[in-house]
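This report describes the salt bridges of one protein model, taking the pairs in turn.

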Amino acid sequence: MAVSVDTVYRTVLLILNKEQRGYITPDEFNKTAAQVQLEIFNKYFDDLNQLLRSRQNDLDYADRVALLDEKIAVFKTQATTGGGTLGVFTPPANMRELGSVIYDGNEMQRVQRSEFYNLNKSEYTKPSATYPIYLYENDLIKVYPDTITTGVSVNYLRKLIDPVWNFTTSPPNYQYIFTPTNSVTNPSIDFELHISEQTNIITRILMYSGIVIQNPEIIQVAAQQAQVEQVNSKA
């Protein structure tokens, strides 16, 4: 379940108003929201690396690793590659990080340029259609032997889609009217992060606005109030 961009924006506005800290426009919010989502996502990998280095065996450790993996898993996907001329394939445009490269149902071995030169010297280790290898250089996947021109797919971590709070206006007051995420025209886009990150997202956006909230319960109460206002606005 995603984090509602409307709930987050309404909560931020509510707290800003209570703290008498002014107003954040939809455009300012969208830019800050995209930055915050990326920061939180990047921190997943730092946290996961730290946990894996600690080599703990307790149940709490396993739960934390599983939760982080669950938060990252939604961004893992698979797609076929473009190109294929002389074994050179183009990864998907939305790829953030390459996971594995698949050919004929099997994962290919990834090697560095120096390894490739050594492997290619011997008839015993030279790549073949049965045991192909690949290099990943300059954002291109180079498969050897280069007679392989089709049937290559990749498992990868995709880029995040920026959250967007879209709106329309109408006279006479020209107030911002939220455009739902299921709208046919210019739909809003929810945060892609795990629902458990809602308080964290709001806290970080408020920090960019100069407000530091020490007690997360304040944000949770404000979010509940914002959701009530959200429901009432649709009635």
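Arg204 is partly exposed, with a relative accessible area of 21% (buried means under 20% relative accessible area, exposed over 50%, and partly exposed in between, with a 1.4 Å probe and protein chains only). Its partner in a salt bridge is Glu39, the closest N and O atoms being 3.3 Å apart, where a salt bridge is a side-chain nitrogen of Lys or Arg within 4 Å of a carboxyl oxygen of Asp or Glu. This pair links distant parts of the chain, 165 residues apart, with Glu39 in helix α2 (residues 26–54) and Arg204 in helix α5 (residues 198–208). Glu39 is likewise partly exposed, at 24% relative accessible area.

## Basis of the values

The model is predicted, and local features need pLDDT of at least 70, side-chain atom pairs count only at pLDDT 80 or more, while totals for chains, interfaces and linings use all residues. Residues are numbered from 1 along each chain as its sequence is written, and side-chain values use heavy atoms, with hydrogens and water left out.

Helices (H or I, at least four residues) and strands (E, at least two) are DSSP runs, numbered from the N terminus.

Arg10 and Asp6 form a salt bridge with closest N and O atoms 3.0 Å apart, and both lie in helix α1 (residues 5–18), four residues apart, about one turn of the helix. Arg10 is partly exposed at 22% relative accessible area, whereas Asp6 is buried at 0%.

## The wider set

The whole structure holds nine salt bridges, and Arg113, Glu137 and Lys142 are linked in a network of them.
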